[in-house]
Amino acid sequence: MVWLGGVRRFGYAGFMELRVTDLACARGGLPLIEGLSFAVASGEALVLRGPNGSGKTTLLRTLAGLQPALKGEITCPPEEMAYAAHADGLKSTLTVAENLSFWAEIHGQRDITGALEAMNLTDLAGRQAQHLSAGQKRRLGLARLLVTGRWLWVLDEPTVSLDAASVALFAGVVRDHLAAGGAALLATHIDLGLPEARVLDLAPYRAELPPDLGFDEAFL
Amino acid sequence: MTALLIRDLRLAMRAGGGFGLGLGFFLILAVLVPLGVGPDTGTLALIAPGILWVGALLACLLSLDRLFALDHEDGSLDLLATSPIPLEGVVAVKALAHWLTTGLPLALAAPVLGILLNLPGPAFAPLMLSLLLGTPALSVIGAFGAALTVGLKRGGLLMSLLVLPLYVPTLVFGAQAVSRAAQGLDGSTALLLTAGITAGSAALLPFAAAFALRINLR
Amino acid sequence: MASLWEYANPVKFMRLSGWLMPVSALLAAGLIVTGLVWGFFFTEADYRQGASVKIIFLHVPSALMAINAWAMMLIASLIWLVRRHHVSALAAKAAAPIGATMTLIALITGAIWGQPMWGTWWEWDPRLTSFLILFLFYLGYIALWSAIEDTDTAADLTAILCLVGSVFAALSRYAALFWNQGLHQGASLSVAPGTRMDWAYKAPLYLCMAGFALLFLALVLAGTRTEIRARRARALMTRERARA
């Protein structure tokens, strides 16, 4: 693919790994996950599974450094992760190209043509984001990952509102990212068509309650 | 950082950005006051410095509640927090963009409104200068208030309650610089104090605001 | 050796405040009643200000506590930010409405005193203005506490507001001085300029000041105990919900 050349030129330097050891994280003071350990290395994809409320979003936000972990160790600093969640961070009055260039410049990159092409957005480049469909917005949000230049993608439900063709397109982009030495951590309910991806079920790591009530323990 | 500044300025210029809203508010206020107080030029000259400063302050407050709220709603704030730019820098740049689109136009437009309010001649230069030196403080302090209330529904009203008391020193020194000049006195001390508050706020408050933002993102 | 920080544990704090609160409340009542009765009925009226000067026995102690309450909130906020002791954050929360009330009492008694003295209920004098601004700071602080649901978030945000607010409150004080030199007599317990206050006035005034300080302590302890109980109730409810 065309954009891959760009990524390869900057390159993901050598072998890298995210290692999580005995992690516990909480939402709203209520522990959701505890004793979680896993590793993702260059070239690997890990799919997180678990029912609603099992703490997928909380885990990903904790990894991305948006909230503190209760305990445990995360070896990869948030500066090496590209985080994408339900909200795409798009400005409706800016065009597709403007939105993407902004995030590219924030991450010290210039070239957005590869990312536009990879997510099939080239024809829409001049259109304002408010006139995009939900799926097109999502594709633009995912194109942002390509301009961050970061090796570990942390993705929360990346395929919401994408049609089958777009899901396949995105799976291809992820596969190319892995081939270039990147890695991906995905929370998703649908099958992405990434047979090589390992699956991690979060259900066994559900935090035991009681007695550990996190911050409020001291009051009992 | 430049990219963020350009984006915020571009957003302010485009439809729905609210650019010029503060300026319009400032103009309306300067028209309403003589209608309420009466057309006596002596009275107007006396209260003009205060009215112009209070007007500028309220106009600044208008667009503040959107400073972080919009970025919070569409997820940009999460993404900026995980970007290579430190959150302190994000706050500083957004406050700068707010000043460029609100405080600067107000300072430039103030002399025109000074004519409407019969501001004495020697006070025009201090009026512009004090607004130029003082309104950046209003933007930075406001950014702190906006960061405190970013996740809240109806945060705008609460933000005014938090921010307006913090505006007191800036208002006092800024308006004093103008009114002293209007009375033929030396207003340079007040002007320097205004600049001091701006310098201090710009140096320290981005850290407090970034701290508040991190807590609100948690 | 027992460290002061042990009382940051809610259980230990409840045990300590369980007896300290009633004791300080009783002492406060005794001191304030003695001080006020002494001050109101057993001191001579001032030769210039007449009997109206006697409101000083309410005005000065409440003004003193209005400022000290903010100082206490500042210290408690710093402790929360540095050491993450929940009791400290809750004590700051409990102190705010008390400080606001003290400010209001100081403003009202000041107005009642000022009316016969200066011939006006309200004067934009630097001291009065500063107190009015302090009251606004209290309002903002209380409003922020009540607006945020999550206690830890609210504690963090109000603590940082208290820190920043303290700097700006101090600046406002100097701004108010700069703005208007004022009518208000100087502090330092002098009734009329040039004349130091007599011991006949000082003694009951000191009693009242000590009484107000203890009253403040008792009220803060009571407020903090309420907050801790509320927090405990919420923790229990969370546990029940999690078990279900």
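This is a predicted model: local features need pLDDT of at least 70, side-chain atom pairs count only at pLDDT 80 or more; totals for chains, interfaces and linings use all residues.
View 1. Residues are numbered from 1 along each chain as its sequence is written, chains are lettered from A in the order in which they are written, and side-chain values use heavy atoms, with hydrogens and water left out. Between chain A and chain B about 2000 Å² is buried, and carbon and sulfur atoms give 63% of this area. The contact (heavy atoms within 4.5 Å) takes 23 residues from chain A and 23 residues from chain B.

**View 2. Salt bridges between chain A and chain B.** A salt bridge is a side-chain nitrogen of Lys or Arg within 4 Å of a carboxyl oxygen of Asp or Glu, and 4 salt bridges are counted between the two chains. In one of them, A:Lys91 meets B:Asp74 at 2.8 Å, N to O.

**View 3. The open sheet of chain A.** Three elements, taken as DSSP runs of E with at least two residues for strands, form an open sheet of 3 strands in the order β2-β1-β4, with antiparallel pairing (at least two DSSP bridges between two strands). Strands β2 (30–41) and β4 (71–74) of chain A stand at the edges, each with a single partner strand, so one side of each is left without a neighbour in the sheet. Strand β1 (residues 17–27) of chain A pairs with β4(A) over 3 bridges, and A:Thr21 stands opposite A:Glu73 in β4(A).

Notes. Buried area is the accessible area (1.4 Å probe) that two parts lose on being put together, summed over both. Helices (H or I, at least four residues) and strands (E, at least two) are DSSP runs, numbered from the N terminus.
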